[in-house]
Amino acid sequence: MHSASNYRMRLIGFAAALAVVGLLPTPFTIVGTAQSNQQATIGARLMRGAVDLHYHVDPGYGRYENLAQAKAAGVRALLLKNHYEPTSALVMLLRPQFPGLELYGGLVFNRSNGGVNVPGVEYMASIPGDPKPGKIVWLPAGDTEKEARGGRNPNPNAPFVAVTRNGQLLPEVKQALAVIAKNDFTLASGHVLAEEALLVFREAKAVGVQRLIATHAADLTGKMTLDQMKAAAGLGAWIEFDYRNTLEDNRTDLIRGVGPEHCFLSEFWTKNQQPKEYAGAVGVGAFAAEMKKRGFTDRELEMMFKDNPAKAIGLPVAPSSTRSVVDK
């Protein structure tokens, strides 16, 4: 018994000597692996039940394989978005292939979709399904005046889709808002200027639109200041942030400023280069770790990944018993 104990001590000492000279993994490597595994576990938990309201299916974005990745990760729902084509009919084709993954669609008021297209909204409302596939109508995104006539190669004559003229909403926008309200769709700001988005939100609320989204409010032509985000939230709008750049610049300060209870995250691409990866547990876990370093709690992450985007399109929030990450 005594000799066996001595043997074990000599073996431990020999292993330690090998680690010192680099022939065995160091304790730091072991710690790093454990930390990576822990982050992957947290990432996997956050993806189970997540709702992504900005899943692009434009050419060059999401592929069929990425839908499979979403389902395998336990994502609850995806809202398919294409800047240049409606997606609700596509949803009806894809649903049978992905049972258990909730798929929804929408319409962007871009030129290829007819601009501010009231009949297009009415058609989306007419598409049957259980549940009905249509959920979001976006204001122009890519075809705003600033985008069409600005950029690297300005063209003052380029066509664009307008929502206002001389500071007033166009009649067709008001007509569209009435149809959106009637059919209980969510209205999203797309890429219109922040001032225009707030103008539309006020009118939308007045005519009975129940749910509003400030589309990736920290980015592109629709970029909002913190005060504008607060104003939008005050009108009942959800403030959207892109997963892929939330940790950049002052975006986490903006989330804290407007309040995580008013915000949600979208576009869970954990690898943007080909082959693209969607909802990878390691990537999401590393993101969550960085967010927690900045003071965000597990519960706040749950809200922004799951609860708030569900509410933004009128889905019930998952029961608390199914949540997988809770504050200790």
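**Figure 1. Welcome to the whole protein.** Of the 328 residues in the protein, 49% are buried. What you see here is a predicted model. As you trace the chain, look for 12 helices and 12 strands. Now consider the contacts in the protein with a separation of 6 or more: 73% of them are between residues 24 or more positions apart.

**Figure 2. Here helix H7 meets helix H8.** H7 covers residues 171-182 and H8 covers residues 194-207. Their axes come within 9 Å and cross at roughly 50 degrees. Angles between 35 and 65 degrees count as oblique, and H7 and H8 are therefore oblique to each other. The crossing in which H7 passes H8 is right-handed. To find the contact, pick out Lys-174, Leu-177 and Ala-181 on H7, then Val-200, Glu-203, Ala-204 and Val-207 on H8. Five residues of this contact are nonpolar, two are charged and none is polar.

**Figure 3. Next, helix H9 packs with helix H10.** Look for H9 at residues 226-234 and for H10 at residues 251-258. The axes lie 10 Å apart, and the packing angle is about 40 degrees. H9 and H10 are therefore oblique to each other. Their crossing is right-handed.

**Figure 4. A closer look at the contact of H9 with H10.** H9 brings Leu-226, Met-229, Lys-230 and Ala-233 to the contact, while H10 brings Leu-254, Gly-257 and Val-258. Sorted by class, the residues of this contact are five nonpolar, one polar and one charged.

Definitions and conventions
Residues are numbered from 1 along each chain as its sequence is written. This is a predicted model: local features need pLDDT of at least 70, side-chain atom pairs count only at pLDDT 80 or more; totals for chains, interfaces and linings use all residues. Side-chain values use heavy atoms; hydrogens and water are left out. Axes are lines fitted to C-alpha atoms, for helices over the stretch in contact, and angles run from 0 to 180 degrees between N-to-C directions. Helices (H or I, at least four residues) and strands (E, at least two) are DSSP runs, numbered from the N terminus. Angles under 35 degrees count as roughly parallel, over 145 as roughly antiparallel, 65 to 115 as roughly perpendicular and the rest as oblique. A crossing is left-handed if the near helix is turned anticlockwise from the far one by less than a right angle, and right-handed if clockwise. Contact means heavy atoms within 4.5 Å. Ala, Val, Leu, Ile, Met, Phe, Trp, Tyr, Cys and Pro count as nonpolar, Asp, Glu, Lys and Arg as charged, and the others, Gly among them, as polar. Buried means under 20% relative accessible area, exposed over 50%, partly exposed in between (1.4 Å probe, protein chains only).
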